[in-house]
Amino acid sequence: MVILSGGTLRALLDGDRARASAEAGVELSDYFVTDRARRLWQRRLAQLAMNPDSQEWIARAVVDETQDVVVGYAGYHGPPDDDGMVEIGYSVDVGYRRKGYARAMIRELLRRANTDPRVKTVRATISPNNVASLATIQGFGFAQTGQQWDEEDGLELVFEIPVGASLSER
């Protein structure tokens, strides 16, 4: 996973994939400049403006090194909160779906969360209609802890797992 800097995010918001790719050091696809992605980059840039230390947490391009291709993006909604919780987010480019990349992204996000002593809990929120994502988190040990309303995505089911338990995923 390659961290996307503020400069990369700004270039993506400007629709300048060439500049964003040069800044990131990997070739970013059109998937990084979709309307949905650009709304995410806007939020992440605002986070960076308020807390520059959040950069290592919030936005990464996911690279399949065996094919030298970027397959999507992943990260956390921010650094650990006061309770030690981080929320994961991931998105696989349409052309790379159903090939195990989402599971690999989750596995890596869980691994990273387990390396930071501040993190106690990892959360994932998923629309009840997102059957693929619901199936993807199965086997990682997440337990549904509730539901919430998201202004952009609507109703979401909330899943959590304590740090350490997530390393047992098969």
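## Proline 162 and its surroundings

Proline 162 is placed in strand 7, which covers residues 154–162, and this position, like everything described below, is taken from a predicted model. Once the neighbours within four places in sequence are set aside, the contacts of proline 162 are with Lys120 and Thr121. Isoleucine 106 stands 56 residues from proline 162 along the chain, and the C-alpha atoms of these two residues are separated by 14 Å.

## The packing of helix 1

Helix 1 (residues 6–13) packs with helix 2 (residues 17–24) at an angle of about 165 degrees, the two axes lying 8 Å apart. Because of that angle, helix 1 is roughly antiparallel to helix 2, and the crossing by which helix 1 passes helix 2 is left-handed. On the side of helix 1 the contact is made by Gly7, Thr8, Arg10, Ala11 and Leu12, and on the side of helix 2 by Arg19, Ala20, Glu23 and Ala24. Sorted by class, this contact of helix 1 with helix 2 comprises four nonpolar, two polar and three charged residues.

With helix 3, too, helix 1 makes a left-handed crossing; here the axes come within 9 Å and cross at roughly 145 degrees. Gly6, Leu9, Arg10, Leu12 and Leu13 of helix 1 meet Arg38, Trp41, Gln42, Arg44, Leu45 and Leu48 of helix 3. The contact of helix 1 with helix 3 divides into six nonpolar, two polar and three charged residues.

## The largest pocket

The largest pocket has a volume of about 1,200 Å³. It is lined by 42 residues, of which Arg36, Tyr90, Ser91, Asn130 and Ser133 are the closest to its centre. Two or more lining residues are given by each of helix 3 (35–50), strand 3 (69–76), strand 4 (85–92), helix 5 (101–114), strand 5 (121–126), helix 6 (131–137) and strand 6 (143–150). In terms of class, the lining of the largest pocket has 19 nonpolar, eleven polar and twelve charged residues.

## The second largest pocket

The second largest pocket holds about 210 Å³ of space. Its lining is formed by Met1, Val2, Val62, Val63, Asp64, Glu65, Thr66, Val71, Tyr101, Ala104, Met105 and Glu108, and the elements that give two or more residues to this lining are strand 2 (60–64) and helix 5. The largest share, four residues, comes from helix 5. By class, the lining of the second largest pocket is made up of eight nonpolar residues, one polar residue and three charged residues.

## The cavity

The structure holds one cavity of 30 Å³ or more, and the volume of the largest cavity is about 40 Å³. The residues that line the largest cavity are Met1, Arg60, Tyr76, Glu108, Leu109 and Arg112, with helix 5 giving the most to the lining, namely three residues. This lining divides into three nonpolar, no polar and three charged residues.

Helix 5, in turn, is among the elements that give two or more residues to the lining of the largest pocket, provides the largest share of the lining of the second largest pocket, and gives the most to the lining of the largest cavity.

Methods:
Residues numbered from 1 in each chain as written. Predicted model: local features only at pLDDT ≥ 70, side-chain atom pairs only at ≥ 80, totals over all residues. Heavy atoms only, no water. 1 Å grid on protein atoms, 1.4 Å probe; cavity = no way out; pocket = protein on both sides within 12 Å on 5 of 7 lines; lining within 4 Å. Points joined across faces, edges and corners; volume = space filled by probe spheres on them. Nonpolar A, V, L, I, M, F, W, Y, C, P; charged D, E, K, R; others polar. Axes fitted to C-alpha atoms, helices over the stretch in contact; angles between N-to-C directions. Parallel < 35°, antiparallel > 145°, perpendicular 65-115°, else oblique. Left-handed = near helix turned anticlockwise from the far one by under 90°. Contact = heavy atoms within 4.5 Å.
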